[in-house]
Amino acid sequence: MSNRARYACGSIDHALSRRRFLGASGLLGASGLLGGVASLPSKVAGAIPKNDYRIVVFNMHGGLSQLESWDPKPSTNTGGPFRAIATSVPGIHISELLPKTAKQMHRLCLLRGVNTAEDDHGKGAYMMLTGRRQTPAAEYPQVGSVAAKMLHDDQTGLPGHIIITPGGGGGRGNEAAYLGPKFNSIHLGGDKPPQNSSKPDAIAQEAEDRRHLLRRKINEQYLSQRRSAITDAYTHSYEQALKLMERREVFDVSKEPQAAQDKYGNSELGRQCLVARRLLENGVSFVQITHSNYDTHNDNFNFHIEQVGEFDLAYATFIEDLAERGMLEKTLVVVLSEFGRTPNINLYYGRDHWSKAWSVAMAGAKVVPGAAFGQTNKEGTEVIDGQVDHGDIFHTILRGVGVDSSQSLIVDGRELPIADPAAEPIWKVLV
Amino acid sequence: MIELDVTKSHVLHQWKADSPLIACRFSPTGDHCVSTSQDNRLQRWNIADGQKVVLEGHESWVHALTFNKTGDQLVSGGCEGRLIWWSILEAQPKAIRTVEAHAGWIRGVEISPDGAMLVSVGNDQVIRLWKADTGEKLHEWPAHDRHIYSAAFHPDGQHLLTGDLLGKICVWKLSDRTLVRTLDAATLYSPNKGQNAEFGGVRSLAISPNGNEIYAAGTHKGSNPFGAVHEPLLLRFTWADGALTKSHVCDGIPGGLLYRTVALNDATVTAVSGGSSGGILLFFNATQEKEFHRAGLPSLARDMDIHAAKGLVATAHFDQHLRISALFA
């Protein structure tokens with residue numbers, strides 16, 4: 001599939017590296033944090049109306065156990081040592097590892113009948129984030145890129161697609177496929193602001209302004225004759241970086257009152273959630289938080305005590321905080337993984353990969369609150385009611401924020417459905 | 001008197017339960033062994049003929065077991081935080097006392113040398129002392145910063161040892177519950193930054209019968225904790241000064257974790273390794289860094305107990321079997 005736009009020159013033959021593009025003037029400026037232009041933007045037919053909805057995805061990296069979270073099976077052969085506890089919604093029980101989340105159940109919607117039939121980490125993650133199976137024939141944009149395109153207002157001065165991940169950050173992801181690099185993610189490392197997002201002290205503001213003036217002048221001269229998709233992407237990256245530098249304080253959780261910081265807990269995840277809330281407040285359309293790691297083939301129960309315990313405080317506080325601020329009505333919060341974990345407990349108290357019957361949690365926006373949709377059998381080995389897959393969930397996420405998931409984008413004259421036409425929204429969980 | 005020869009160890013009996021086993025303990029007489037299983041049940045096995053009686057009362061798995069000194073009562077500690085006293089010698093044992101003792105998992109229950117006190121520890125990081133015959137709570141104190149994995153009374157009857165996830169071993173003076181010293185067993189803590197995994201811990205504590213040596217068991221080299229790649233490790237400390245005198249390592253067990261260690265006598269300490277390398281009994285002495293004998297078990301083991309007077313080892317296995325091995329020819 002072509003992912004090239006049609007611009008004045010009618011081709012991308014003039015494409016060249018960013019460094020080469022700017023090398024003549026010796027300018028690199030602030031765009032260091034926005035490197036990695038991986039594909040070309042496409043022209044999309046028709047204006048897409050924006051709305052003020054937001055999406056937050058908690059990516060439970062490695063595969064959260066549904067039995068130690070949303071779909072416990074206590075006192076069964078597969079149940080493990082944890083009990084189920086009552087929640088704020090009568091009749092819905094979740095794992096005792098989520099006591100604080102249980103008090104937010106009236107705001108959540110559980111999908112307990114997820115069957116994605118894919119037990120590979122990479123493929124499962126791709127499916128859950130794009131709503132499609134990976135094929136050699138096509139690359140599909142991840143939900144964050146779609147959200148950035150459909151929901152984000154560039155006037156915020158912040159990127160529309162941010163991924164917060166443990167450890168190192170900086171740079172851009174490569175999730176936008178045919179939507180173009182503008183909609184790739186900016187990566188934040190842990191709870192830190194983007195790398196290289198502050199002006200070095202050695203560079204005076206006046207000098208910095210002169211540098212950018214010169215850069216823009218050269219760019220304009222170049223673009224007047226040789227504008228292409230890739231040059232637009234370069235220009236956008238630089239200008240976005242500059243805007244982001246001006247708004248760097250948005251990423252700084254120390255600006256929050258101490259009480260708010262305490263409430264989220266003294267964990268990296270807690271601080272990431274607080275950053276996410278600040279980003280949402282400032283207009284970022286999509287934030288993905290990676291909580292790692294749940295790939296517990298060994299000692300599953302000890303690891304889940306630690307991991308889910310940390311998640312419970314941060315997540316429940318996040319949901320409550322959004323609700324109290326009136327933001328949950330416009331923010332869809334999704335908790336997903338690449339798959340769940342086996343009901344069978346292996347030799348070393350571990351659980352392995354299991355995609356045939358697992359769970360996803362949603363909250364907010366247009367999703368029905370206080371509900372559990374779908375059901376697995378007594379031992380959690382298969383779905384017996386309300387089965388859904390990655391495609392259905394992708395549709396539902398988009399519908400949940402007011403995007404018509406049946407629409408298509410026109411790219412290079414080709415009609416590309418935003419979501420897999422073979423799937424459909426889970427209407428029963430949408431208001 | 002049985003002449004022990006651990007190099008001649010062999011399986012005498014194997015009896016099957018209905019679910020993978022978790023823990024096991026001999027009664028003081030050695031006439032019975034009690035196991036626990038993943039179906040939240042306990043099994044009392046008659047060593048003479050393998051007759052099984054099932055006990056129900058816990059709502060979760062049971063990792064912690066101890067008999068009272070007279071052997072007529074068993075105390076079990078469950079992952080739901082509950083202690084249950086059982087009339088274990090009755091034809092059908094009954095729960096004679098149930099105490100909601102801890103918030104979260106109970107990982108260790110031990111009886112004091114004089115039989116008067118019971119200690120329980122677990123994930124709430126609190127040590128609780130109980131009157132063994134009545135279940136009355138005597139004392140409790142927050143003791144560790146992380147989950148407490150194990151506890152052991154010193155044979156002098158004056159001290160208690162507890163070990164946690166981070167490899168910190170605390171020595172407590174029982175009379176006033178003051179911390180006498182800490183022992184550094186941090187090599188048993190194998191965090192893995194790449195996996196964001198907290199792993200390891202002092203899985204088991206034991207003390208030589210003469211009270212001179214402390215043993216702490218677990219794992220190290222957790223290069224891939226999620227994939228069960230970690231090796232068994234037994235640390236040996238001197239009671240007198242808390243010095244680490246030996247780190248007992250084992251060759252060729254890339255997937256091993258010592259679930260329990262028990263002092264067979266003053267010269268020999270035993271440990272059981274489970275994990276991806278299978279079930280292995282290991283025997284160590286004070287002079288050799290590595291084990292002087294190992295005995296492979298038919299299936300992965302998760303717990304072990306020794307009845308030294310009878311020369312028997314009980315092992316609880318994932319394949320649902322309780323195995324009784326002889327430590328003699």
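Why does B:Ala228 count as buried? With 24 C-beta neighbours inside 10 Å, B:Ala228 passes the cut-off: a residue is buried if 20 or more other C-beta atoms lie within 10 Å of its own, exposed if 12 or fewer, and partly exposed in between, with C-beta atoms placed from the backbone.

## Basis of the report

This is a predicted model, in which local features need pLDDT of at least 70 and side-chain atom pairs count only at pLDDT 80 or more, while totals for chains, interfaces and linings use all residues. Residues are numbered from 1 along each chain as its sequence is written, and chains are lettered from A and ligands numbered from 1 in the order in which they are written.

Helices (H or I, at least four residues) and strands (E, at least two) are DSSP runs, numbered from the N terminus. Two strands pair if DSSP finds at least two bridges between them.

## Chain A as a whole

Chain A contains 10 helices and 16 strands. Of its 431 residues, 54% count as buried. Two residues are in contact if their C-beta atoms, placed from the backbone, lie within 7 Å. Among the contacts in chain A with a separation of 6 or more, 75% come from residues 24 or more positions apart.

The pLDDT, which is the predictor's confidence in each residue from 0 to 100, averages 86 in chain A, and 87% of the residues score at least 70. Over residues 1-47 of chain A, however, the pLDDT is below 50, although this stretch has 105 contacts in the model beyond near neighbours in sequence. Where pLDDT is low, the predicted coordinates should not be read in detail.

## An enclosed helix in chain A

Helix α3 (residues 121-130) of chain A is largely enclosed by the rest of the structure, because 7 of its 10 residues are buried. The buried residues are A:Gly124, A:Ala125, A:Tyr126, A:Met127, A:Met128, A:Leu129 and A:Thr130. Their cover includes α4 (143-151), β8 (331-336) and α10 (390-400) of chain A. After α3(A) comes A:Gly131, with a positive phi near 80 degrees.

Most residues other than glycine have a negative phi, and most peptide bonds are trans. A:Asp299 counts as buried because it has 23 C-beta neighbours inside 10 Å.

In chain B, the residue of the opening question, B:Ala228, has a positive phi of about 65 degrees although it is not a glycine. B:Ala228 belongs to the loop between β19 and β20 (229-238) of chain B.

## Sheets and hairpins in chain B

Strands of a sheet pair through backbone hydrogen bonds, either parallel or antiparallel. In chain B, 4 strands form an open sheet with antiparallel pairing, in the order β18-β19-β20-β21. The edges are β18 (204-207) and β21 (244-249), each with a single partner strand, so one side of each is left without a neighbour in the sheet. Between β18(B) and strand β19 (residues 213-224) there are 4 antiparallel bridges, and B:Ala206 is opposite B:Tyr215 in β19(B).

Strand β23 (residues 269-274) of chain B has 6 of its 6 residues buried. On one side these are B:Val269, B:Ala271 and B:Ser273, and on the other B:Thr270, B:Val272 and B:Gly274. Strand β22 (residues 257-263) of chain B runs antiparallel to β23(B) and is joined to it by 6 bridges, with B:Thr261 opposite B:Ala271; the hairpin linking the two strands has 5 residues. Strand β24 (residues 280-284) of chain B is antiparallel to β23(B) over 5 bridges, and B:Thr270 has B:Phe283 in β24(B) as its bridge partner. In the hairpin of β23(B) and β24(B), B:Gly275 has a positive phi near 115 degrees.

## Contact between the chains

The contact between the chains takes 24 residues from chain B and 19 residues from chain A. The side of chain B that touches chain A has 9 nonpolar, 11 polar and 4 charged residues. In this grouping, Ala, Val, Leu, Ile, Met, Phe, Trp, Tyr, Cys and Pro count as nonpolar, Asp, Glu, Lys and Arg as charged, and the others, Gly among them, as polar.
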